[in-house]
Structure formats: structure tokens, C-alpha cells
Amino acid sequence: MKKRMVHILLSTYNGEKYVIEQLESIFRQTYQEIKLYIRDDGSTDETVKRIRQYLAQNPEYAKK
């Protein structure tokens, strides 16, 4: 059986309070073939900074 890639689209806007929890939930899934796309809609809080920090601390999830 051929494995299929699951593409997840995560749109954010001023979500710094929950974005790390969302990322961790996505990456805890048992399905291994995941490609996550994150789009920020002009957040004025620290959402983008938190995402970048998370990916820097978890390079296995960052774009290769």
C-alpha cells in the first residue's frame, strides 16, 4: 500500500497564546507523512516569533 502525504494548512492571526499547543498537537499525530503549511494573516502579537522559535528548537519539523 502506497503511503499518502497529508497536507495541513494552519492559518494564524494573533494566536500566540495557542500556536505552540496547536503545533505540538499536529506533530504528535501518529501519521508520519505530514506536510504543514503555516500562513500568518498579519499578526500584531508574537505569533510569528513563537513559531520561528519553536521550529528553531525542533529542526526536525522545519522545512528541509
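1. Tyr61 counts as partly exposed, at 31% relative accessibility, where partly exposed lies between buried, under 20% relative accessible area, and exposed, over 50% (1.4 Å probe, protein chains only). Tyr54, by contrast, is buried, with a relative accessible area of 9%.

2. The model is a predicted one, in which local features need pLDDT of at least 70 and side-chain atom pairs count only at pLDDT 80 or more, while totals for chains, interfaces and linings use all residues. Residues are numbered from 1 along each chain as its sequence is written, and side-chain values use heavy atoms, with hydrogens and water left out.

3. The protein chain has two helices and two strands, arranged β-α-β-α from the N terminus on; these are DSSP runs, helices being H or I of at least four residues and strands E of at least two, numbered from the N terminus. Its C-alpha atoms fill a box of roughly 45 × 20 × 20 Å along the principal axes, and 17% of the 64 residues count as buried.

4. Three aromatic pairs are present in the structure, one of them being Phe27 with Tyr54, which is stacked at 6.4 Å centre to centre and 10° between the planes. Rings of Phe, Tyr and Trp (its six-membered ring) pair if their centres lie within 6.5 Å, and planes under 30 degrees apart count as stacked, over 60 as edge-to-face and the rest as tilted.

5. The rings of Tyr54 and Tyr61 are also stacked, because their centres are 6.4 Å apart and their planes at 5°. Phe27, Tyr54 and Tyr61 together form one aromatic cluster.
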